[in-house]
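Please go through the points below with the model open.

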Amino acid sequence: MAIISAAVESNGWVLQLVVSGGAGGFSDYALDPDAATPAVVVRSAHAGFVQAGGVAVPGSMARAIPATTALRLPVNPASPNTPVIDETDLGGGQRRVRLALANHVYATDTGVTLDVRAGWRSGEGAATGIAVTNGSTLAAPVPIFRWAELQFRVATGSFRLSLIVASHHPNGFQPVAGVKFTATDGVGMKTAWTTALGTETSYGDALRCYHVDIDPATATALTAGLLRCDAEVYPWLGAMRSTDPAGTRSMTDLRIVGRGSGAETPLVVGHDPAGDRYSSQWVYVDAANGTTLASAAMVATSLAGAKAVSPASRPANVTTAMQALYLQNRTLPAANGGSSFSRSCDGARIVLAPGVSVYGTATVTSGQNTGEIPLIIQGDPDDSDPRANCILRSGTSAPTTRASRASWKDLTIEIGQATLQTSAVFGWIDNCTVRGKAGFETSTSSLTNTGHTAGTQAFSVVNSRWWRAGIGMDTSQLRMGLIRNCEFSRLARGFAILTSRFIGLEDDTVSNQSAIGHLPVTSDLGGREDVFFAYNDLRGVRTRAIQLSFPSAALAGTIWPSYRRNVILGNVFEMQAPTGTQPFFAVGEGGVTSAHYNIIENNSFFGERVNAWYNDPGACDSSQNGDLICNRQANNAYDRNATKHDNFLDGACAGNGFGGYRPWLTGGWSAYMGVMHEGNWDGGRAASDIGAFRYWFRGLRSVQTTVATAPGVVDDRSVFGSNNGGGDYRPSAGSPLLGRMAGSNTDRDLNGNVRAVGSPAGAFEAAGMGLGLEPAPGRHGLASTAPGLSTAAGLVPADARHGHLVRSPAVAALTLLAPAEGSHASRTSTTALLLSVGVAPAPAAHLLLTRSPTLEPGGAVLVPGQATHAMGTATALLSLPVAGVGARRLAVGPELRTGFARLG
């Protein structure tokens, strides 16, 4: 017996062999794909990039792709439970056999050869270096990326550029070989490289991404004005991809270009080194003492100057302040290829005094411009807690404003009853609490109601909580781009939703219990490609956690509606009853779709199923066959990952002549055969019939259980556990999740712990890392740069498991003074101390839902926590520190709870 010829088919994942010999069955193939030396390996090389001298340079990736399984023929409805191997008798003692590969061979792979181990097929001997005809027509994937920074922010000195990146072929735990960043004013250019993931903390979290700092003053200084910033991403395999695909660094109309919805969009920064282009207009709103008669004299060149205006001459509301800026009639000079603007309030700051402010009813005169940079409305930075104490409240009617770009910072924004602001078509919200106005918590009045230029994004939200309101971050007026380090209780739609947390029904009874998603397909931004959902905490959801939208075939340029280059990375999902019938998310279910070049990686899905990848056309005719190509699915922990292809019985199709089976459905077989799948664990708990909707091959180092199996985690609080919500999904000793990871697009877990070869499937590293050490259960620890540790001997971490908004250290009582690097509290920026008995304050001023400090007692005396803003209640919170136990969430309402308490 011998291999006569070998070829990769056009789909890139089927290896076709012509062999001499007789017929074989499934048991005749011993491919052993998880072995150190698999039985059948296709070898090739592909052009890409390597690292040299701190940059990425052209190179090549050597590839070794195991064959995983012998293919079967499509289902025979007459005997659907009897699979038939895909072997064809060619006559003359020759047979054609078809094997699935673990990965794709691309059209541009070179030097394709085959090695086989003796016994790979019964009676076959060993051979190496067999020539393989590469018939693949599949294009190699390009890197997927999104900016992790706010567009149009003002920089008076050095500024940071951050890009979140993923690829289908990471090298170890680095997605790509390097990223080159540039910033230009149209004449001069600054360049900076990075070749490793770093921890980016500008927005209060600790996002693992590629980032650099640009100093526009070094060497030839860049001119004040809008700067165009771009990134070039160099993968280990494949071609460079840039935010400037034309390569021209065009400065034309950056104020619109920077609002683009595609990943290939530059980041635009307002460069203001002298502080006189965007940072020289300040107005101080004094609702208690001010006037509604606008005057240019209200505008000063500094906050101190604005506060020096006599109280009676300050503006009493926002529209009066805007009118004062109009009357100042400042001209923004032309710069960096842009035009000049009269009556400019670009970058102007309207500062609100502590207390409640409103927009007012005055009409701002037409002609005011924010041509480059949004006008900023912010709380008083001199206040101890402007986010809590400076409140901007909607009115009984919508104000008439003229600032087309407006941003809100360090405030509480109360929406409802009437639209908060008209005209704002672009802006951002930074470090704000957005909630419903008292009595109008269910109002659906928008933050802004102005239309937008087709195809552009509008708002971004960072460091904020949006909850207890009748609308969320999903309205067509908001058209979100970046959502980073936020908390929300309604559906949030955006292009990059990062390091954020879902607030469940028990904490927010106004919530509609959806989580994150694309913009709806009915809008011109619907189903946009290159979307990131990464490092989010989606525990406590009660319905579909990710709402996916598919752009039309015409928009995508594909046969079917398309879901392409989207990344779901490093998230934790937990379903809490009632579950209904909704999976966490579905791809292909309920219709014919194309799904190309997507990545689902390092996620924990507990309490429900994931329907991916499906091939389930709604109509039952043989003209429909979905298209699932080159989708990486790696290192995930599932309670069930269901998939449909040709062999499922569907009563709705009983009249199709095939008894409900669909033998033509082979367009999704690359997923069905586990191509590009690795390190996944599927416990089958979310199904009454575990034998249905299963993969033919689950992927390298993957498990698809035959009986419902628990994942073996520290504290399962999904519907399959205690159903209390907020579980701890770190794998315990002996967990079947352990030891599955070989590489990843991130080098940290959701708690900030280092990932390595042999790490467990899912979003978390295992509990008990190292001899006598255990990670602090920082279940929301996205700000971690190093793990908080405790020992088996009794040291206890400050349990900041819900510390998403912690800005200062949590404190726990212990017997010894010891540093506990409070790096697992999601927004902790300083080290937590574990102090000796008697130390009381735990100044976690923003611990989840608190907006002023919570105190913990020293010794046995209860001390009231001054949680006067906790969840809107003025009731103090009592907390008793107990070794190893911390308050998971804060109390709502008048009752008092101890350190054992949880909200809901």
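1. Aromatic pairs. Searching the whole structure gives 15 aromatic pairs. Rings of Phe, Tyr and Trp (its six-membered ring) pair if their centres lie within 6.5 Å; planes under 30 degrees apart count as stacked, over 60 as edge-to-face and the rest as tilted. One of the pairs, tryptophan 408 with phenylalanine 459, is stacked, at 5.9 Å centre to centre and 20° between the planes. This pair links distant parts of the chain, 51 residues apart: tryptophan 408 belongs to strand S25 (residues 406-409) and phenylalanine 459 to strand S29 (residues 459-462). Both tryptophan 408 and phenylalanine 459 are buried, where buried means under 20% relative accessible area, exposed over 50% and partly exposed in between (1.4 Å probe, protein chains only).

2. Basis of the values. The model is predicted: local features need pLDDT of at least 70, side-chain atom pairs count only at pLDDT 80 or more, and totals for chains, interfaces and linings use all residues. Residues are numbered from 1 along each chain as its sequence is written, and side-chain values use heavy atoms, with hydrogens and water left out.

3. Phenylalanine 585 and phenylalanine 605 have ring centres 5.9 Å apart and planes at 50°, so the pair is tilted. Phenylalanine 585 lies in the loop between strand S42 (572-575) and strand S43 (594-596), and phenylalanine 605, 20 residues apart from it, in strand S45 (residues 604-606). Phenylalanine 585 has 0% relative accessibility and therefore counts as buried; phenylalanine 605 is buried with a relative accessible area of 0%. Ring pairs join Phe573, Phe584, Phe585, Phe605 and Tyr638 into a cluster.

4. Charges over rings. The criterion is NZ of Lys or CZ of Arg within 6 Å of the ring centre and within 35 degrees of the ring normal. The charged end of arginine 72 sits over the ring of tryptophan 696, 5.5 Å from its centre. Arginine 465 has its charged end over the ring of tryptophan 467, 5.3 Å from the centre.

5. Strand pairing. The protein chain has six helices and 64 strands; helices (H or I, at least four residues) and strands (E, at least two) are DSSP runs, numbered from the N terminus. Two strands pair if DSSP finds at least two bridges between them. Strand S23 (residues 375-379) runs parallel to S25, joined by four bridges, and isoleucine 376 stands opposite serine 407 in S25. S25 also pairs in the parallel sense with strand S27 (residues 427-430), over two bridges; lysine 409 has aspartate 430 in S27 as its bridge partner.

6. Open sheet. Three strands, in the order S33-S36-S39, form an open sheet with parallel pairing. Strand S33 (492-493) and strand S39 (546-547) are at the edges with a single partner strand each, so one side of each has no neighbour in the sheet.

7. Cores. A nonpolar core is a set of buried Ala, Val, Leu, Ile, Met, Phe, Trp, Tyr and Cys residues joined through side-chain atoms within 4.5 Å. Which residues have the most contacts inside the largest nonpolar core? They are Ile350, Ile377, Trp408, Leu447, Trp466, Phe585 and Trp613, in a core of 73 residues. Helix H3 (residues 318-328) gives the most to this core, with five residues. Another core, of 29 residues, lies apart from it and has Ile164, Tyr203, Leu737 and Leu750 among its members.

8. Whole chain. Of the 904 residues in the protein chain, 62% are buried.
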